[in-house]
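Work through the exercises below with the sequence and the structure at hand. Try each task before reading its solution.

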Amino acid sequence: MVTGAIDTVLAGSPAERVLDRTLRSHRELSREQRQVLAEAVFNVGLWRRRLGFLLGHPEPSSSALLHALLHGLAGVPAEEAARLAGLGAPPPLVTGEPPTLALRYSLPDWLAEHFTRELGPAAEDFCAHLNVPGPITLRVNTLRTHRDALAARLRDEGVETRPGELSPLALHVVGPRPNLYGLDSLREGLFEVQDEGSQLLGLLVEARPGETVLDLCAGAGGKTLLLGGAMEGRGRLLAHDPDAGRLDRLMLRCSRAGLSNVQVLRAPPEGFLADRVLVDAPCSELGSLRRGPDLRFLIEPARLVEMVRLQRDILERARQLVRPGGRLVYATCTVNRAENEELVHGFLRDAPGFHLVPPGEGWLAPGCVREGFLFCAPHLHGTDGFFAAVLKREG
Ligand SMILES: C[S@@+](CC[C@H](N)C(=O)[O-])C[C@H]1O[C@@H](n2cnc3c(N)ncnc32)[C@H](O)[C@@H]1O
């Protein structure tokens, strides 16, 4: 069953879905067996390239990969590892460090080369952090409570946290992964799960009570909810996304959070000017690769180029919706200059009425600023990878 699930993941099915399906059809498994299955599927899915190197074979069988994981990476004795993997005898493993970044951190070659071009020598550290799960981070809903009170409430519910150092709204869960969805505090809308870097993107908008704020790529509302808190529920908060299902989820989350001034726009917005516009753009999502073991193997390299045209179009639309003197925040969760710095510089060349302003002046940690933009990454800040530009329309 384990090797069957691994085969399906290696053939390109998303690991989360394969695991879910396998667990559903094997309800007889004990808690420990389910845990072992999940770890085997996720870790072979993640480490497949490094395991292939250990085996000296580009396309080894699932059993051989499982053996290499257990013996080569987890240190289980060879005979025991072979038995657990269903092999008669342990295959020999290569010793020594893999010679390339792609093999060391189990990435497609093109992606490792991309990160080297983007980050230079820091690519090694960045890629190492892609293989370590990120923290579970919560964002306090300031419409209902404040951070210290939420931490105390969570402690009463058995969840220990520590405050984030970058976002004043963040709490990181400490210790084993809790079942957050079973907590009354979540049902009462006291918090949302949101990466600390993602919180910074919403905070860069610096939305104020009484303003008109447009979240142009609102999705299921992660940032809309933050903006609503900053506006203290006063003013007009407009949320648009072409994905109707996501907007439905946004509305549910707003109601749980006690946010009543959100207006959902199902058609592309027009005919008004906003004080602030957030473009949390669709992107290649290379900053979120640690969120899934196999995401790196599912991305098509062409996506890094194809997204740029869509991002330009969205930014152009956003430009027309910012009032004179207003603010436009362009953000992505990717590490790709073509979608980030280059796109913004191109926009500034074509839209002379806008200029770049320092992100988060007076509150954002200087370590989160690179070349005048927000830049966060797992190896530097413990967040997913994010980019943002804060642009002001001249008055
Ligand atoms: C990075 S996600 C947004 C995440 C969301 N802001 C949040 O914090 O949860 C990008 C969103 O852009 C949306 N999108 C795609 N094409 C778009 C377009 N042409 N105009 C506006 N949004 C678009 C996608 O449906 C997706 O929900």
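**Exercise 1.** State which domains the domain assignment gives for the protein chain.

*Solution.* Domain 1 covers 2-96, domain 2 covers 137-193 and domain 3 covers 196-393. These bounds come from an automatic or database domain assignment. Residues are numbered from 1 along each chain as its sequence is written. The model is predicted: local features need pLDDT of at least 70 and side-chain atom pairs count only at pLDDT 80 or more, while totals for chains, interfaces and linings use all residues.

**Exercise 2.** Describe how domain 1 and domain 3 are placed and which residues of domain 1 touch domain 3.

*Solution.* Step 1: the centres of the two domains, taken over C-alpha atoms, are 38 Å apart. Step 2: eight residues of domain 1 are in contact with four residues of domain 3; contact requires C-beta atoms, placed from the backbone, within 7 Å. Step 3: on the domain 1 side, α2 (15-24) and α3 (31-55) each supply at least two residues. α3 gives the most, with three residues. Helices (H or I, at least four residues) and strands (E, at least two) are DSSP runs, numbered from the N terminus. Step 4: by class, this side of domain 1 has five nonpolar residues, two polar and one charged. Here Ala, Val, Leu, Ile, Met, Phe, Trp, Tyr, Cys and Pro count as nonpolar, Asp, Glu, Lys and Arg as charged, and the others, Gly among them, as polar.

**Exercise 3.** Determine how helices α7 and α8 pack.

*Solution.* Step 1: α7 (residues 109-119) and α8 (residues 123-130) pack at about 130°, with axes 9 Å apart. Axes are lines fitted to C-alpha atoms, for helices over the stretch in contact, and angles run from 0 to 180 degrees between N-to-C directions. Step 2: the two helices are therefore oblique to each other (under 35 degrees is roughly parallel, over 145 roughly antiparallel, 65 to 115 roughly perpendicular, the rest oblique). Step 3: Ala-112, Phe-115, Thr-116 and Leu-119 of α7 meet Ala-123, Phe-126 and Cys-127 of α8. Step 4: this contact has six nonpolar residues, one polar and no charged ones.

**Exercise 4.** Give the strand order of the open sheet and find its edges.

*Solution.* Step 1: four strands run in the order β2-β3-β1-β4, with antiparallel pairing; strands pair if DSSP finds at least two bridges between them. Step 2: β2 (161-163) and β4 (191-193) each have a single partner strand, so one side of each lacks a neighbour in the sheet. Step 3: the twist averages 30° from one strand to the next. Step 4: β1 (residues 137-140) and β3 (residues 170-173) pair over three bridges, and Leu-138 stands opposite Leu-171 in β3.

Terms used: Contact = placed C-beta atoms within 7 Å.
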